[in-house]
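Q: Please take a close look at one part of this structure: the salt bridges and the residues that take part in them. A connected account would be welcome.

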Amino acid sequence: MSIREWEGLKIPTAGEFALDKAHSRVGFVVKHMMVSKVRGHFDDFDGKIVIGENPLDSSVEAVIKAGTISTGVADRDGHLRSDDFLSADKFPELTFRSKRVVKHSGDEFVLVGDLTIRDVTKEVELKVEFGGAGTNPWGQELFGFSAETEIDREAFGLTWNQALETGGVLVARKVKIEIEGEAVRQA
């Protein structure tokens with residue numbers, strides 16, 4: 001296994017890694033009717049992570065298939081795929097491309113990159129927690145991480161909403177994105 005010590009962390013040596021879909025999740029949380037939270041995720045996504053010789057020079061590219069959004073409620077999922085929200089037929093992919101690591105402390109990093117939803121690109125900051133590195137039972141090198149950010153969905157053109165009689169709106173503007181990832185070294 002190619003693990004090295006870097007600032008007190010055991011991290012993989014430089015190289016390319018791919019998200020292991022069986023052990024990763026791209027999810028979100030949004031407030032509903034101003035009183036509760038709805039959680040969901042995407043079933044299909046790909047991600048490539050290149051660990052640099054200097055880990056602060058690492059990069060990430062991810063593609064999420066918009067049509068695979070799932071909240072566990074078929075009617076709501078259909079609405080989220082529609083032109084009111086993701087417009088999955090016209091814009092089948094959400095993408096993220098990192099630009100730089102701007103900060104780190106221990107196992108926590110701040111990764112800046114461009115998030116594109118519905119052909120609208122905005123810079124976002126992901127708070128990333130490095131989970132550790134190891135080798136799976138099949139001899140593959142891997143590492144784990146958690147990442148999160150919060151976006152204003154209306155800034156990406158997802159502006160549909162409905163006013164409530166009691167005040168407020170049906171769907172909050174702020175969406176929290178939560179990622180749990182495991183990445184496997186590529187040959």
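A: **A salt-bridge network**

Arg-39 and Glu-178 form a salt bridge, their closest N and O atoms lying 3.3 Å apart; the term denotes a side-chain nitrogen of Lys or Arg within 4 Å of a carboxyl oxygen of Asp or Glu. This pair links distant parts of the chain, with Arg-39 in strand 5 (residues 36-42) and Glu-178 in strand 13, 139 residues apart; strands are DSSP runs (E, at least two residues), numbered from the N terminus. The model is predicted: local features need pLDDT of at least 70 and side-chain atom pairs count only at pLDDT 80 or more, while totals for chains, interfaces and linings use all residues. Residues are numbered from 1 along each chain as its sequence is written, and side-chain values use heavy atoms, with hydrogens and water left out.

Arg-39 counts as partly exposed because its relative accessibility is 48%, where buried means under 20% relative accessible area, exposed over 50% and partly exposed in between (1.4 Å probe, protein chains only). Glu-178 is likewise partly exposed, at 23%. Glu-178 also forms a salt bridge with Lys-176, the closest N and O atoms being 3.9 Å apart. Lys-176 has 30% relative accessibility and so counts as partly exposed. Through shared partners, salt bridges join Arg-39, Lys-127, Glu-148, Lys-176 and Glu-178 into one network.

Elsewhere, the side chains of Glu-5 and Lys-10 meet in a salt bridge (3.4 Å, N to O). Glu-5 counts as exposed because its relative accessibility is 52%, and Lys-10 counts as exposed at 55%. A search of the whole structure finds 15 salt bridges.

Key: Helices (H or I, at least four residues) and strands (E, at least two) are DSSP runs, numbered from the N terminus.
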